[in-house]
Every structure is written in structure tokens, then in C-alpha cells.
Amino acid sequence: MSATKPVYQVTFQSLYMAWRACQKRKAASSAAQRFEMHLLDRLFATQQALQTGRYQTTASYCFVTTQPKLREIHAAAFGDRVVHHLLVPELEKLWEPWFIDQVYSNRKQKGTHKAVNQLQRWMRKPACKYYLQLDIRNFFYSIQQGVLLTFLNKGLLKAVKQQKISTEKQLFLSDLCQVFVQTDFTQSVALNAYLAQKVPPHKQLSQQPLGQGLPIGNLTSQFFANVYLNALDQFVKHQLKCKHYLRFVDDFILLADNPEQLKAWQISISQFLDCKLSLCLKADIRLKPVNLGADFLGYIVRPHYILVRKRVVNHLNQKLNSYKKQLLQDLECHTLKLNHHLIGKINATLASYIGHFKHADSLNLIKNLWQRHRWLSIFFDFKAEEYQLLIKISPPKEVNYQQQIRFFAQHYPHASLRVQFGRAYKYYLAKQVELFADCLHLEIEQSGFRPQGKRKRHITKIRLSNQFIRDLCTRGT
């Protein structure tokens, strides 16, 4: 960025709002908290660097995902992510009217579920008897940075001609786009060197030729992908005249009533990608009747119902089996307290997958899952009508003492309940608890805890029978 160019004034308010957007749902992370400790200093320093043209990105972190396959994910430094949230909304205002409506990735009011529902609606039409599903090979690492910057600069100049932005803002946005597009990722810090070495070379950003590739995981990369493939969208809609076309990132589907028409479109698309965008289609090209279903965005989409992809269900079963082993290891170590951290991880995993399942015809799938992993019923309830997962670790705090004991009796009939109470109330409370125990068949353990002052009686701890959980986990009964 050059200091001799007209200066665009970056307001502190815009940077502050970018920080607010960046820390949304990330406030508990260590990076966000370290940034917030010196918030004003960091925001003022960023503002000065942007306005003087000296802003440069810092080293990012690279971690590797193993599901569904080995893949690098680059996490930018938190300060750079704040600038991402400053830049991308400004670009979205300009490009959103230029995108076609059938692009569902990384856009407001879009997303995977709306793309799946739109595909199913088209499958029901008489004019959509066949579908052609295409995918781009190694998409993010095949993007030509020079071509992308050309698209970005043309769009910014177009916005100036339409009087949407000033020349100063156009130059500022253009230079900032160049900073993020041409960032050097050879100095990225690998969080797991062992996994990083296992990633194939063509899947490593640092191994790509100079001027090629964008990092997977950055907000800017997600938006730049739509800008880069907008030329393809316009070609399919206006040159090929395909009425039923939708795209999510680099996965796209075309529908027609004639398979020969789809084959001709495939050849044209392949030539366009090679000549104009330097991209190549994957060899896995699917041309099938819509009645056979399309494996799209984690679902098997058919004209009249939607199923969850088997691979997604298998991943969940693997995770639950892993959690079960951890529970058994805790029991072997004679752990007397529940591992609440592990229960929280199981709850988050189940909630995430059930949120994915509920957009398909999956009620029987979840019931079979509960039947296969019966130990889940110790800790969770599932409301089938609302697809709602309820955790059963402790009773609601607004109920009284007797209702709390009944809660444990109902949800943990084979559990040993530990109740703490002060010595000053020992005889009265012991008699009261014994009365409840006789009625509800609970085993009560007394302790000699003496509270300081008056305290409300509330049961917050429960010790499950180790043999009971072990039997459920090993035999599923």
C-alpha cells in the first residue's frame, strides 16, 4: 500500500464494530481475551497502520482436520480477523447485487439447508428428471491470485462508476484485498507437526506455486471464493441458459429433463473453467435420475424425502464409542464424581449432530441411535416431537427438596444419592431423608458437613453406581 495515494479515513467506530463482530461466539477463546486486554491500544494501532498504508498480516496458525479427510485449516491471528470483519462487509455490500440468487455459500439468508430444500423443490418439477453434480478439484489451492485481484479491481472500479464508493475508498479496499490475497503462508505455525507432515503436498498451501492458492478457514477466503466463481455462475445462467443451477462453494448441481443436454453442459463448463479460471473438475462426475437421489451437503436428497448421509452417521457412532471408552476408563480408575467436562463434550456433540439430523427425515435414525448407545439414556433425554436434547445431570433449581429427590428417583433408579447437610439439623434431616428413601427406594449417604450460617438445602451431586454404568456401556442393557 502506498502512502502517496489519497488517504481513506478508517473510523475508530468501524474498527470497534469489526472487533465486536469478530469476538461474537469467540469471547471465551484465549486469543480474543488477550486482544481485549489491550483493546484500545490494539484498535488505535490497527487504525493508524491502515490509514498510513503500513498494515501487514501476522503469522497464522495451521491445524489439520482428519474428518472427512486430512485437510489444512489456517486460523489467522485475532488482530487480522478483526480487519477481515472490517473488509468483508464492505465488499459484500458491493458484490451482493452482482451474485446470482442460487449461490448459497457464505451469504446472509442462505446456507446449506436452504440449498438442500431448493434442490428438492426442483427435483419435483417435471422438467428436472436428471441431475449433473460437479465439483472442482483442489479448489482453494488452485485459485490464481492474479485472476482474483483482477476480478476484485474490476468490481471496485464498477462501484466507483456507479457512485457507490469514492475513489479513495476504492484504492483503500483494493490495496487491502491485495494484502490478504498475497499473504505469505510459508511461515504459518503448525499446531500438530506430525499431522501436518501427513497432508499430501498438493493439499498444503505452502507447497503451491507462487501466486496460487487461498487459505481454507479465513473469512476473506470464503468471500473471495464467491467472487472467483461468479464468472462461472454468470456463464451457466446466461450463456448456457440453465434455469436450474445452484452452487455451494465449489460443489454445484445442474438439472434438466435430458441427460444429453447435461453432458453437453459438462463439456462447456470444463472448457470454461480451464480457459478462464485455470480450474479443473474432479473425475467424480455424477449424472443420474433425480429419483436415485443426490449426495449433497451431508444429505441424500430425493424428490419426496431427505436422508442423512451414512458417512455422517458413522462419524457420530465413532465419536460416541470413543466417549464410552473414556467413561469406562474413569470407572476403572474408581472415580467417584461424574466427569462433567466429558458430559459437556458429549452434549455438545449430540446437539450438533441432532441439529443437522432434524433437517432430514431422521426420527427413526435417532431412535435407533439411542437404542444402539443405551448408555446415553443415563445422562440425556430426547424429545422426539421437538428434536430437543435434555441433559439429566441435575434437577432444576427452582423445585423444592422433595421434588429434587423424586427427580433423582425417576431419572436414576439405580443410582446412589449423596446428600450433604449440617450436624445441627442432623436428626431432623436424617429422619426426613430416610422417610423419602423408604418411599422412593433411594440409598442415602450422610455426611458430617457443618454449614456456616443458614443455607438452603439443594441437591447438586449424584454418584451413579459404577457397576450399573459399566454394565450399560459393555452390554448395552
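I looked at helix 14 and found Asn-364, Asn-368 and Arg-372 exposed on one side (exposed is over 50% relative accessible area, buried under 20%, partly exposed in between; 1.4 Å probe, protein chains only). On the other side of helix 14 (residues 363-372), the buried residues are Ile-366, Leu-369 and Trp-370. These three lie on the same side because their arc around the axis is only 95°, taken from the directions from the helix axis to the C-beta atoms. Helices are DSSP runs of H or I with at least four residues, strands are runs of E with at least two, and both are numbered from the N terminus.

The model is predicted, with pLDDT of at least 70 needed for local features and 80 or more for side-chain atom pairs, while totals for chains, interfaces and linings use all residues. Numbering starts from 1 along each chain as its sequence is written, and side-chain values use heavy atoms, without hydrogens and water.

I then checked rings of Phe, Tyr and Trp (its six-membered ring), which pair if their centres lie within 6.5 Å; planes under 30 degrees apart are stacked, over 60 edge-to-face, the rest tilted. I got 15 aromatic pairs. Tyr-16 and Trp-19 are tilted, since their centres are 5.5 Å apart and their planes at 45°. Tyr-16 is partly exposed at 30%, and Trp-19 is buried at 5%. Trp-95 and Trp-98 are edge-to-face, with centres 5.4 Å apart and planes at 75°. Trp-95, Trp-98, Phe-99, Phe-223 and Phe-224 form one aromatic cluster.

Last, I noted an open, mixed sheet of 3 strands in the order 2-1-4 (strands pair if DSSP finds at least two bridges between them).
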